[in-house]
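Hello,

Please find the structure below, with notes on what turned up in it.

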Amino acid sequence: MIVNDPIADMLTRIRNAQVAKHDSVVVPASNAKQAIAQILLDEGYIKSFERIDDGVQGQLKLTLKYMNGKQQPVIAGLKRISKPGLRVYAKCEELPKVLGGLGVAIVSTSRGLMTDKNARSNNLGGEVLAYIW
């Protein structure tokens, strides 16, 4: 299956899996998706992730995290900001704060993918990929 926006596809798969209350979700692997999964893990939005090598592209298996048993997902919202048809860039001073600092913006910088907080502390700007809260 050809996907024009693989990052949006990953976010949609996570959103759909949480609505269906699945324990985990599998997405096709790439280095950018693995970096996003690492950010989600570091920020406490998912339990874990692992890369499964299938000999072709590989897959990422993300274990989702829920509150109150399995009642409410930890990730309340995912939103793709910069799209292939409309790229969104921000300087260090202009990086957005998601929900007043309660959420996370994933930014693609010259030093790799990082959160808006890390980009600000490293005085870096870049492409704003997604918001997570």
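Lysine 33 touches Pro6, Met10, Pro28 and Leu60, leaving out residues up to four places away in sequence; contact here means heavy atoms within 4.5 Å. The model is a predicted one, in which local features need pLDDT of at least 70 and side-chain atom pairs count only at pLDDT 80 or more, while totals for chains, interfaces and linings use all residues. Residues are numbered from 1 along each chain as its sequence is written, and side-chain values use heavy atoms, with hydrogens and water left out.

Lysine 33 sits in helix H2, residues 31-42. Helices (H or I, at least four residues) and strands (E, at least two) are DSSP runs numbered from the N terminus. Lysine 33 is buried but has no salt bridge, and the nearest side chain of opposite charge, aspartate 9, is 4.9 Å away. Buried means under 20% relative accessible area, exposed means over 50%, and partly exposed is in between (1.4 Å probe, protein chains only). A salt bridge needs a side-chain nitrogen of Lys or Arg within 4 Å of a carboxyl oxygen of Asp or Glu. For charge, Lys and Arg count as positive and Asp and Glu as negative, with His and the chain ends not counted. A polar atom of the lysine 33 side chain does lie 3.1 Å from the backbone oxygen of proline 28.

Glutamine 34 is also found in helix H2. Its relative accessible area is 28%, so glutamine 34 counts as partly exposed. Beyond four places in sequence, glutamine 34 touches Phe49, Arg51 and Leu60.

Strands E2 (residues 46-52) and E3 (residues 59-64) run antiparallel and are joined by 6 bridges; strands pair if DSSP finds at least two bridges between them. Isoleucine 46 stands opposite leucine 64 in E3. The hairpin of E2 and E3 has 6 residues between the strands, and glycine 55 there takes a positive phi near 90°.

The largest nonpolar core has 26 residues, and those with the most contacts inside it are Met10, Ile14, Leu40, Leu62, Leu64 and Ile132. Such a core is a set of buried Ala, Val, Leu, Ile, Met, Phe, Trp, Tyr and Cys residues joined through side-chain atoms within 4.5 Å. Helix H1 (6-19) gives the most to this core, with 5 residues. A second, separate core of 8 residues includes Ile81, Val107, Met114 and Leu124.

Leucine 78 lies in strand E6, residues 78-80. With a relative accessible area of 9%, leucine 78 is buried. The C-alpha atoms of leucine 78 and leucine 11 are separated by 6.5 Å, although the two are 67 residues apart along the chain.

How many salt bridges are there by this rule? The count comes to 4. In one of them, arginine 80 meets aspartate 5 at 2.9 Å, N to O. This pair links distant parts of the chain, with arginine 80 in strand E6 and aspartate 5 in the segment before H1, 75 residues apart. Arginine 80 and aspartate 5 are both buried.

Arginine 13 forms a salt bridge with aspartate 9, the closest N and O atoms being 3.0 Å apart. Both lie in helix H1, 4 residues apart, about one turn of the helix. Arginine 13 is partly exposed at 28% relative accessible area, whereas aspartate 9 counts as buried at 17%.

Regards

Note on methods. Polar contact = N/O pair within 3.5 Å; in protein donor to acceptor, adjacent residues only side chain to side chain.
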